[in-house]
There are 2 protein chains.
Amino acid sequence: MTPTATPKTSAHTAPGSNDDGQPGPVTAPSTPHTGADVVEALLAASRALVGLAARSLADLDADVTLPQYRALVVVATRGPQRVVDIATELGVNPSTGTRMCDRLVRKGLARRSRSSTDRRAVQLRLTPAGRALVEQVTQRRRDELTRIVAAMPATWHEPLTTALRTFATAAGEPPETEWWLGWTDTDQDG
Amino acid sequence: MTPTATPKTSAHTAPGSNDDGQPGPVTAPSTPHTGADVVEALLAASRALVGLAARSLADLDADVTLPQYRALVVVATRGPQRVVDIATELGVNPSTGTRMCDRLVRKGLARRSRSSTDRRAVQLRLTPAGRALVEQVTQRRRDELTRIVAAMPATWHEPLTTALRTFATAAGEPPETEWWLGWTDTDQDG
DNA sequence: GCGCTATGTTTGCATAGTGCACGTTTAGCG
DNA sequence: CGCTAAACGTGCACTATGCAAACATAGCGC
């Protein structure tokens with residue numbers, strides 16, 4: 001859930017938009033505002049999205065915790081990773097990464113394998129069970145979002161999509177990298 | 001960060017929108033799609049927003065943990081709460097709520113007070129320090145969002161705002177409740 | 001090849017977060 | 001008054017986490 005206080009308020013209708021639920025020619029007005037309205041709208045959307053993400057995990061069979069899931073996602077999205085990389089990506093101490101990997105391996109969601117080039121490094125990668133779990137949670141989020149999207153006027157789908165992409169780009173979201181899909185499962189254990 | 005896998009991909013340009021960065025007359029096309037594009041865009045935006053929310057906490061002096069912050073927010077947004085209510089709101093065990101309150105009190109962020117009507121109940125409410133902390137984190141998020149918004153074409157502010165509001169409403173985001181502001185600090189300890 | 005430093009992983013210790021089972025105090029009710 | 005339920009708190013076990021320190025290996029200069 002992770003709600004957040006919403007101090008400053010504002011009218012719920014954008015100054016430059018009609019309120020009939022139709023986008024219409026949304027020619028920007030004089031745009032004198034500093035983007036405060038957008039920020040508040042983003043905060044609201046953020047609360048909704050964060051809560052949704054939390055639920056999609058909480059509704060799970062709970063055999064995996066949120067930190068464990070985050071680690072799984074890192075490996076799923078970036079391919080087999082070293083412990084230190086996972087820890088860095090999650091913003092935690094390497095030691096935490098080590099013990100996280102312990103638990104994931106113990107649960108059968110990931111496997112350790114030594115690199116043949118650097119005998120210090122340990123590569124962690126997902127087992128089929130681990131991949132399935134990540135897929136499942138993502139699909140649940142997608143379903144939930146689909147349900148919500150279906151509840152809003154279809155005419156808003158286009159502008160929302162484009163606007164969100166613009167936002168995501170501005171926020172630094174990497175554009176559509178899916179090189180992580182189909183990475184070979186060649187075992188380099190040795 | 002809490003990233004999420006993005007299996008299915010799609011072109012980054014909405015089918016019905018021009019790609020010049022200007023909204024223009026975004027009259028919805030035939031809208032034959034099921035909203036899949038919107039869903040993917042939401043997933044991407046979700047990753048960005050969740051990561052931002054996580055950073056706004058991580059960048060903190062770290063004298064408070066995320067669960068502790070969540071508890072603070074619950075009390076901040078809903079006013080003085082019973083331990084059981086906080087626990088329910090956070091989706092955790094009541095016993096966890098008890099110990100969470102212990103730590104918040106110990107850190108001087110909240111205070112316990114017995115209800116005079118129900119001597120079983122314990123009301124938790126924020127100290128000025130607790131309120132200040134919540135404000136600080138929220139402000140940090142707002143600043144971050146402002147920075148991002150400033151990086152995107154101003155012409156997109158209006159459609160984004162309206163579209164996000166439509167989305168938040170569809171997602172069940174409670175519309176602008178700020179009755180929690182200015183709740184009196186009358187001590188009912190006894 | 002031999003030190004020396006940097007990197008990658010792991011372990012020990014302390015603290016926080018969590019669920020479950022159980023105990024204690026109090027409310028509510030017949 | 002006795003019984004049940006509600007609200008907290010405690011004990012136990014396990015996960016999550018940071019910090020410091022130990023270890024193993026890599027890379028580099030000589």
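Some housekeeping. What you see is a predicted model, where local features need pLDDT of at least 70 and side-chain atom pairs count only at pLDDT 80 or more, while totals for chains, interfaces and linings use all residues. Residues are numbered from 1 along each chain as its sequence is written, and chains are lettered from A and ligands numbered from 1 in the order in which they are written.

Two more terms. I call a residue buried if 20 or more other C-beta atoms lie within 10 Å of its own, exposed if 12 or fewer do, and partly exposed in between, with the C-beta atoms placed from the backbone. Two residues are in contact if their C-beta atoms, placed the same way, lie within 7 Å. By the second, 57% of the contacts in chain A with a separation of 6 or more are between residues 24 or more positions apart.

Now helix α4 of chain A, residues 94-106. The expected span of a helix is 1.5 Å times one less than its number of residues. For the 13 residues of α4(A) that gives 18 Å, and the end C-alpha atoms are 18 Å apart, which agrees. Which residues of α4(A) are buried? They are A:G97, A:M100, A:C101 and A:L104. These cover an arc of only 105° around the axis, so they sit on the same side of α4(A); the arc is taken from the directions from the helix axis to the C-beta atoms. Covering them are, among others, α2 (66-78), α3 (83-90), β2 (110-114) and β3 (122-126) of chain A. On the face turned away from that buried side are the exposed residues A:S95, A:R99, A:D102 and A:R106. Just after the helix, A:G108 has a positive phi of about 80°.

Which element gives the most to the surface near DNA strand D? It is α4(A), with 5 residues.

Around DNA strand C there are 24 residues, and the nearest are A:V84, A:S95, B:T65, B:N93 and B:R119. Here at least two residues each come from α3 and α4 of chain A and from α2 (66-78) and α4 of chain B.

For the classes, Ala, Val, Leu, Ile, Met, Phe, Trp, Tyr, Cys and Pro count as nonpolar, Asp, Glu, Lys and Arg as charged, and the others, Gly among them, as polar. The surface near DNA strand D has 9 nonpolar, 7 polar and 7 charged residues. Near DNA strand C there are 9 nonpolar, 7 polar and 8 charged.

On to the sheets. Two strands pair if DSSP finds at least two bridges between them. Chain A has an open sheet of 3 strands in the order β1-β3-β2, with antiparallel pairing. β1 (81-82) and β2 of chain A are at the edges with a single partner strand each, so one side of each has no neighbour in the sheet. β1(A) and β3(A) are joined by 2 bridges, and A:R82 stands opposite A:Q123 in β3(A).

In chain B, 2 bridges join β1 (residues 81-82) to β3(B), and 5 bridges join β2 (residues 110-114) to β3(B). In strand β3 (residues 122-126) of chain B, 4 of the 5 residues are buried, so β3(B) is largely enclosed by the rest of the structure.

B:V38 lies in helix α1 (residues 36-58) of chain B. B:V38 is buried, with 28 other C-beta atoms within 10 Å. Beyond its neighbours within four places in sequence, B:V38 is in contact with A:V149, A:H157, A:L160 and A:T161.

Technical notes. Near = placed C-beta within 6 Å.
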